[in-house]
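Hello,

Here is the structure we spoke about. My notes on it follow below.

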Amino acid sequence: MTTTRFQELIARNEVAHSQRRRITNAVMLTLTGLLTLLALIPLFWIVGYVIYRGGSTINLAFFTQLSRPLGMAGGGVLFSIEGTAVITILACLFAIPPGVLAAFYVARNPNTPLGVALRFGTDVLAGVPSIVMGLFIYVILVVPTKHYSAWAGGLALAILMLPTIIRTTEEMLKLVPHTLREGSLGLGAPEWKTSLSVMFPAALNGIITGFLLAIARSVGETAPLLFTALGNEQYDVGKIVQGGIQTHQSLFMIIGRIVNQPVDSLPLTLWKYAQQPYPERIDQSWGVALVLMIFVLLIEIAARLWVESRKRALQG
Amino acid sequence: MKKISVPRENHWLARFQRSTHHGDVLWSGLIILASLLVLALVIAIGWMLWQQSADARVKLGWGFILPTSNATWDPLSGVFQSWAFIYSTLMTSLLAILLAVPISVGIAIFLAELCPPSLRLPLNWMIELLAAIPSVVYGLWGIFVFLPKVVVPIGEGLAILGQVPVLNSFFTGPIPLSGSSRLAAAMILTIMIIPTIAAITRDVLLAIPNSQREAAMGLGSTRWEMIWQVLLPYGLSGMLGAIILGLGRALGETMAVTMVIGNSLEATNSLLKPGSTMASLLANQFKEAVSQLHTDAMIEIGLTLFVITLILNLIARFLVWQVARRTPQEARA
Amino acid sequence: MSKFLRSFVFVTIAFSFLLAACGTVATPAATTAPAMTQASGATAIPASTATPTPLAPGSVTLNGSGSTFQAPAESEYAFAFPLVDPAVAINYQGTGSGAGKKAIIDGTVDFAGTDAILTADETTSGKDLQMYPFLAGATVMTYNIPELDPKGPALILDGNTLVGIYNATITKWNDPAIAALNPQIASKLPAKPITVAHRSDGSGTTAIFTAALTSFSTAWTAGSGTTINWPADKAGNGVGGNGNQGVTVAVQNTPESIGYVEYAYAVSNKLPFAQMVNKAGQTVSASPDSTKAAMADFANAFTPQLTATIVNGSGAGSWPIAGYTYIIIHQTSMTDCVKASKLVEYINWILTSPVATNRAQALGYVPMPSAVQQLALAKLAQVTCNSQPVMTH
């Protein structure tokens with residue numbers, strides 16, 4: 001095989017600069033790898049340490065009991081787990097319907113004034129510090145209604161979830177092939193039927209992933225709850241339901257009692273416990289951190305696995 | 001066989017269906033309503049902050065947010081100047097960006113360009129999981145592990161810079177032995193925003209057409225030259241967007257910062273001293289404002305944060321537009 | 001077709017749930033108390049007799065927030081009181097006295113805990129607030145000086161050195177003023193800068209502490225109240241902690257630091273705390289006895305609002321930084337009479353039950369002398385709900 005004149009020139013040029021350039025190349029490329037490793041150190045450090053400290057405090061009582069008085073060992077964080085569940089469910093109920101509907105609008109009309117405004121508004125909302133949501137709900141709800149409550153906390157988290165829900169839903173709706181929509185409309189189905197029965201199911205997988213990611217983010221949030229949910233170490237859904245049944249209250253009233261009082265959530269409990277000087281509380285805060293982390297990471301991983309499997313299914 | 005029942009012409013249901021275009025009027029009304037609701041929410045947040053801080057804005061004037069050499073925050077005598085908190089917020093966030101950007105870009109390059117395919121998925125996941133860890137967990141780990149083990153030694157080393165003429169006011173030591181300081185907040189923020197910036201930058205790099213890479217390699221550049229001279233300039237607009245997103249996250253982060261910054265109301269410049277950011281001050285003092293003016297001043301801090309995010313969003317949009325407009329010309333030149 | 005309907009119905013249900021949730025908000029009283037509330041107002045039956053059926057366990061939650069000074073006691077009560085009255089759950093959040101006062105003025109809680117006395121403005125804007133002193137406690141100076149032997153003699157301070165430390169005019173542990181007070185350990189005091197820990201939230205402990213500083217020396221010019229503009233912060237050696245617990249943690253984690261915390265926190269966490277030279281020139285240690293001595297110095301100092309300041313007492317055995325901790329409730333404007341009667345029952349139990357006082361004493365608090373107890377009970381008897389007296393026996 002003969003080398004061409006051109007190749008020779010390139011080779012010579014390469015030789016002239018090669019030493020410095022090759023070294024730069026090697027050094028910088030290695031550096032990027034090292035930086036990646038550097039960034040992973042905190043991940044393993046945090047996860048490892050939380051498992052190490054939290055693992056030793058977790059037992060059955062941790063999940064099934066309310067808190068004990070300060071300075072007394074034992075007890076659990078059932079109140080906090082229940083509170084998290086109640087707040088999260090409320091946040092989903094408040095955020096998902098308007099979020100999905102708004103996404104339908106913006107996916108269909110991205111360039112109308114309202115569409116442009118909505119996208120900008122969503123961006124702003126995504127950037128607003130979460131503690132400001134807490135301020136907002138405190139001023140417009142907690143003060144006028146004169147009490148802290150689970151649903152005020154849920155509403156604050158719902159505002160936090162809205163941008164994620166709108167954006168992912170919009171993206172997913174846009175990915176649905178035009179032909180599907182046009183086919184449905186061509187067959188005489190009205191727009192709403194097309195949206196709900198053709199577009200929505202087709203985009204459902206992606207949308208649910210978006211929901212999951214939004215939930216994972218909101219479950220770990222503390223700041224908006226400081227001024228809205230307050231905290232409640234005596235929160236016991238089981239007792240409320242049982243008491244409600246005993247005194248023949250309506251379902252509506254029992255639900256009202258569940259959502260209409262202050263509650264704790266896992267990150268809020270963690271924050272309060274971590275600031276206690278009592279060693280039992282600090283230990284428990286590591287336990288709470290472990291539960292919270294497992295919960296969030298599981299949702300996150302589930303969402304990603306779902307996406308991956310869908311991708312594979314679509315490609316294969 | 002099932003009969004399809006068609007309502008008669010003037011049956012109420014038929015009239016209703018016709019008048020609403022078979023429900024479409026209702027549907028579009030519903031989605032417009034939802035959109036307006038979301039939009040109204042954003043406006044309501046801004047409006048509430050503006051309205052509720054009206055008294056504070058009138059009484060405290062611009063001195064509330066303008067830089068002063070000796071900012072005072074004294075709820076007892078009703079003197080409120082928030083410069084110390086604005087300074088801490090900007091200082092910690094900018095330092096975090098400064099530290100996070102090179103690391104994140106390095107990670108993004110590694111993930112997008114160099115990583116062996118078998119490692120790519122797990123590494124991507126791990127970087128993104130870093131973003132999913134709740135901020136209180138960062139705070140907890142910060143107090144008990146990161147501050148004493150990492151921040152304190154670094155802070156003690158940096159205190160030497162306190163002797164250097166120009167830098168001395170930024171590095172006046174010693175760092176508290178617990179590590180609670182602006183430096184600690186900045187370092188925790190760095191860890192927290194790396195995944196955000198890295199993930200977006202990676203996506204930006206992956207979106208660059210292969211023709212760019214082939215052209216650069218074809219002209220004889222090394223891999224690094226291809227990345228440094230072609231890919232990074234090409235993806236600049238997206239990366240700026242990523243940085244601004246990271247900055248936004250750093251500015252508004254509350255819990256992790258509150259747990260490590262030391263919550264002091266002091267007004268020194270030093271990185272090695274405790275301070276309060278705007279968000280951490282809100283977390284600490286909002287619920288217990290001692291006077292109406294104190295509450296209003298707090299809400300004005302919230303307003304300041306809100307306005308900063310608004311401006312950042314506008315800048316991000318402008319930059320994206322500007323860079324997108326300029327890049328092709330430069331590439332041609 | 002049915003599928004579309006189902007999804008539509010789903011959305012509708014979700015929306016109606018949203019509305020339903022909002023609906024419960026409009027009538028908060030209705031959800032927390034059975035329909036009795038209205039009836040008791042209309043038919044003029046005293047509230048506590050207007051509840052013919054026993055309430056379900058945990059059906060009344062009394063929400064309180066405020067002072068972290070009393071939080072350990074409240075957390076004991078929250079555990080013990082439901083054993084007395086199973087219908088009641090006590091939810092007390094230690095958010096700081098400042099937050100507690102603001103919450104009861106805004107009406108966002110049923111009762112507030114505070115160690116700071118309501119200011120004139122707060123009394124005006126709160127309208128019918130009444131303070132009930134129920135425990136007293138000492139505020140102690142806890143310190144973290146690794147050079148000192150934890151089993152050796154404790155650090156001794158006096159009013160002036162304390163003011164100096166918090167004014168940042170005394171900045172090193174081996175300052176002559178401190179060394180002169182501590183001849184036994186003077187050689188061990190390190191030449192290291194003092195980190196001064198204080199509360200970052202609005203705090204009644206801060207109010208008690210700064211009232212004492214003001215009383216110790218005219219050099220203290222930062223005033224007294226729940227939130228202070230700390231001179232030590234200006235000097236760059238202050239660090240804030242959230243709550244009594246936050247200060248405790250700050251001191252534990254910061255070598256060469258000093259901070260003020262409530263006695264119960266110091267005892268239950270086995271923190272070292274300084275002895276003080278009091279007004280009579282005696283070196284005293286914080287304890288329930290020295291707190292009682294301080295209370296005795298000011299036995300007749302109670303205002304009609306049932307408040308008293310007990311810092312820097314003149315008795316030989318008086319601890320100079322002590323204070324009462326209070327519960328604040330609305331005296332006449334409560335509208336949920338079931339809640340009101342339970343709240344009165346709770347405060348009555350705190351003041352009079354041996355179970356409650358024993359538990360508090362075990363934590364290092366001092367219960368009220370019976371004279372003050374009687375004053376408080378008399379005020380409690382005046383609580384009304386919808387213009388009807390709440391207490392019937």
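This is a predicted model: local features need pLDDT of at least 70, side-chain atom pairs count only at pLDDT 80 or more; totals for chains, interfaces and linings use all residues.

Residues are numbered from 1 along each chain as its sequence is written, and chains are lettered from A and ligands numbered from 1 in the order in which they are written.

Chain C has 16 helices and 14 strands (DSSP runs numbered from the N terminus: H or I of at least four residues for helices, E of at least two for strands). Among its contacts with a separation of 6 or more, 73% join residues 24 or more positions apart; a contact means C-beta atoms, placed from the backbone, within 7 Å.

Chain C also meets chain A, with 46 residues of chain C in contact with 40 residues of chain A. Helix α1(C) contributes the most to this side of chain C, 12 residues. By class, that side has 20 nonpolar, 23 polar and three charged residues (nonpolar: Ala, Val, Leu, Ile, Met, Phe, Trp, Tyr, Cys and Pro; charged: Asp, Glu, Lys and Arg; polar: the others, Gly among them).

As for chain B, 64 of its residues are in contact with 71 residues of chain A. Helix α2 (residues 24-52) of chain B supplies the largest share of the touching side, 15 residues. The side of chain B that touches chain A comprises 46 nonpolar, 15 polar and three charged residues.

Regards

Note on methods:
Two residues are in contact if their C-beta atoms, placed from the backbone, lie within 7 Å.
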